[in-house]
Amino acid sequence: MSAVMDHPYASLPASAFWRTAVAGTEPDLPAAIHAPKFALTPDSRIATAGSCFAQHLGQALRRAGLEVLDAEPAPPGIAPGLAQRHGFGLYSGRYGNIYSVRQMVQLLAEVASGRPDPALVWTRRGRHHDALRPGLDPEGLDSAAEVLAIRRRHLARLRPMLARADVFVFTLGLTEAWQCRRSGRVFPSCPGVIAGRFDPDAHAFVNFSYPQVLEDLGRMRAALHGFNPQMRILLTVSPVPLTATAAGGHVLPATQYSKATLRAAAGDFAAAHGDADYFPAYEIVTNPAARGAFFADDLRQVTPEGVAAVMRAFLAAHGIAAGEGAGPAAEASDPVCEDAMLEAFQR
Amino acid sequence: MSAALPRLLVIGNSHIAAPRLAYVADSARWPTHDIDFCGLLSGNIGRLELRDGVLAPTDPAVAAEMRHYNMVRRLPVTGYDAFAIVGGLGWTGSAQLCADHRSLDFPSVIAGDAGCQLVGRRLLDAALRQRIRGSAALRLLAQLRPLGRPVLLLPEPMPSAECTADPDRFGAYVDLVARGDAPFWQAWFCRAVAAEAAPGAVPLFWPDPAREGVAFTRADLMRGALRLSPHQPEPQPATDYAHGNADYGALVMEQIVAALASRAAGAGAGAVAGAGPAAAQG
C-alpha cells in the first residue's frame, strides 16, 4: 500500500516545478509562464516607454499588428536608420530611453505642466542638447532656445497620446542614475558622457532602493491616471545588464542588485494593483535553459531570438495570433542606448 | 556640319516628353548640338547601370521599357559630350518632408503655427539630402559621373496652381504654399540639390518665364502636355497638373543650351550654374 502524502505541492501544475518547467522545457517557449490580469486585444491602444530593451517590445508589438501609439511619427519616407538615430519610432514619443522609474515620473510631471526646465540644456562643441534626451539629435541643435522650443512642442504632443492610451507598457531598466542636486532631476546619462559637463557640486549619483522604486511606481501610476484614469500598466524589467556601475563595486553584483530591486518592486507593485501587471521578459531572456543563447556576443544585448521568445510568450498569453511579431525582426537593429556610450570610457 | 557638333543626351523620366516635343517641332532652333533623347517612366532612370561605357537596364522590366520607349536595348554613352537629366528630382514630393516636421526658422513656425512637430535643422537637412541622393535623377547621375562629362540636372516642372483640384496627390504641396513656406523650402531644396550634385553636375532650376509665383508653373505651359510615348502622341489626362507641354519644353531646351554655351565659352561650372535665370534661386 502506497501512502500518498497530502501537501500543497502534490497538486501543483508542471509549470511550478523547475525540472519540468525549466530544465525540461525549450527556452524559446516556456509554457504557462504568464497569466495576464487583463487581456490585450487588437483594439488596445498601447503606449511604450522605458529602457532600451523596451524598443524591442514596441517594435515587436507593432509587427504583431497591435496599435502602438506614436505621438511623434517620423517624416514620411525618411530612412529607418536616420529616423531611429533621431528617436523616431522607438517609443510612443521621442522621449528617448527612460531608464529609471523616477525619470518617467518626472517626464509625466513635465508633460502635465508643459514647462521644461530651462537649465536642462547641455552643450557639446558649440551645439546644444536636451539633457533629458541627450542622444536624440546626435549633432545637437543650434541654440538653447531651440532645444527648449522643441521640448515644449514634444511635451504638448505627449499629452493627447497619454490620454488615448489604454495600456502603458513600461520597462524598468536601471536603479543607478545621476541627478541634478538643485532640482532632483535624474538624467538618462551621466553629464559629460554625451554632452554637458560633469560637476560634482551640481551632480550626484543615486542608486534607487526597493522602497524608492516602489514609491516611484505608485507616483507613476497616479500621474498616468491623471491623463487617463482607465489606463492600465504593464511592467517588464529589462534583462540588459549595466554597461558600467558607478556604485563603487563590481559591475556584476551591481547589475544583480539593480535587476533584483526592479524585479521585486515591479512584481510587488503589480500584485498590489488590479490595473497593473508584470510580464516576465527578464526571466525569459535570463532563463538558464537558454544557456546564454539569448544574449549577443557582448553578453549584454538581447538577440533577435531572445526578443522573439519574449514576444511569443507574451502574445500567446494574451491569445493574440503571433503574426510576424513573434519572429525575429527581419532587419534586427541594435537598440539606441545612451548607457552603452560608457563603454568608450573603460580602461 | 553636324558631325562636328558636340553631342548632348537629354535623358529623364516622363518629363523629357516636353523638351523632346519642342525639339521635334523645331530642331533648327537649337543648332549648336546634336541632341538625342532617352526616356523611361517614373523612377526607372535610376535603374540604369553604366557598364563598359553603356547604360544598361538592371532588370528585365526596365529593359522592356527601354526597348518600348527608346527602341534600343542599351545605350552607349561614351560618345556624348554632355548630359542633361530632366525630371526625377522629386521637388513636389519633398513637401511631404516638412508637412508635419519643421524647424524654428520656417515662416509658418515664426508666424505661430503650433501644430507641427518641431525638429532640428540638421535632421531636416539630412532627411532632404537623403531623399535627393535616393532620387532617380541622382542615382542616374552617380552612373554618369565617372564619364567626366558635364551633367545638367533639371527638375520636373512645379505643378500648376490647378493642382489644388487634386488634394490626394498635391495636398502637402498645396499646404506648403498656403502656409507660406514654399519660398523658404524651395531655397533649401535648391541648396541641397546643388550640394548633392557637386562635383561635376550643375542644377538648372525652373525657368523664370514659366513661373506663376514662387511655387507654380503657368497653367498655359502645362495644358496639352503629352505623355512619354514612343510613337503616337498621347495627351496627358485633363487631371494631370505635373507635366509641361511643348512650350514649357522649349524653355527647358533654352536653359540647357544656354548653360552649355556658357560652359563652352570658358566660364566654367560657376557660370553654368548661373546660366539659367532661376538658378540663382538655389
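Reader: A:Arg185 and A:Glu110: buried or exposed?
Author: A:Arg185 is buried, and so is A:Glu110. Buried means under 20% relative accessible area, exposed over 50%, partly exposed in between (1.4 Å probe, protein chains only). This is a predicted model: local features need pLDDT of at least 70, side-chain atom pairs count only at pLDDT 80 or more, and totals for chains, interfaces and linings use all residues. Residues are numbered from 1 along each chain as its sequence is written, chains are lettered from A and ligands numbered from 1 in the order in which they are written, and side-chain values use heavy atoms, with hydrogens and water left out.

Reader: How far apart are the closest N and O atoms of A:Arg185 and A:Glu110?
Author: 3.0 Å, in a salt bridge. That term needs a side-chain nitrogen of Lys or Arg within 4 Å of a carboxyl oxygen of Asp or Glu.

Reader: Which parts does the pair tie together?
Author: A:Arg185 sits in the loop between strands E6 (176-180) and E7 (186-187) of chain A, and A:Glu110 in helix H4 (residues 101-113), so the pair links parts 75 residues apart in sequence. Helices (H or I, at least four residues) and strands (E, at least two) are DSSP runs, numbered from the N terminus.

Reader: Switching to the interface. How many residues of chain B are in contact with chain A?
Author: 20 residues of chain B contact 21 residues of chain A. Contact means heavy atoms within 4.5 Å.

Reader: And what area is buried between them?
Author: About 1,800 Å², with carbon and sulfur atoms giving 57%. Buried area is the accessible area (1.4 Å probe) that two parts lose on being put together, summed over both. B:Leu118, B:Arg122 and B:Leu123 supply 33% of what chain B buries against chain A, more than any other three residues.

Reader: How many salt bridges between chain B and chain A?
Author: 2. In one of them, B:Arg122 pairs with A:Glu139, closest N and O atoms 3.0 Å apart.

Reader: Which element gives the most to chain B's side?
Author: H4(B), with 7 residues.

Reader: New topic. Why does A:Lys259 count as buried?
Author: Because its relative accessibility is 2%. A:Lys259 is in helix H7 (residues 251-272) of chain A.

Reader: What lies 2.8 Å from a polar atom of its side chain?
Author: The backbone oxygen of A:Ser238. Beyond four places in sequence, A:Lys259 also touches residues including A:Gly173 and A:Tyr282.

Definitions and conventions: Polar contact = N/O pair within 3.5 Å; in protein donor to acceptor, adjacent residues only side chain to side chain.
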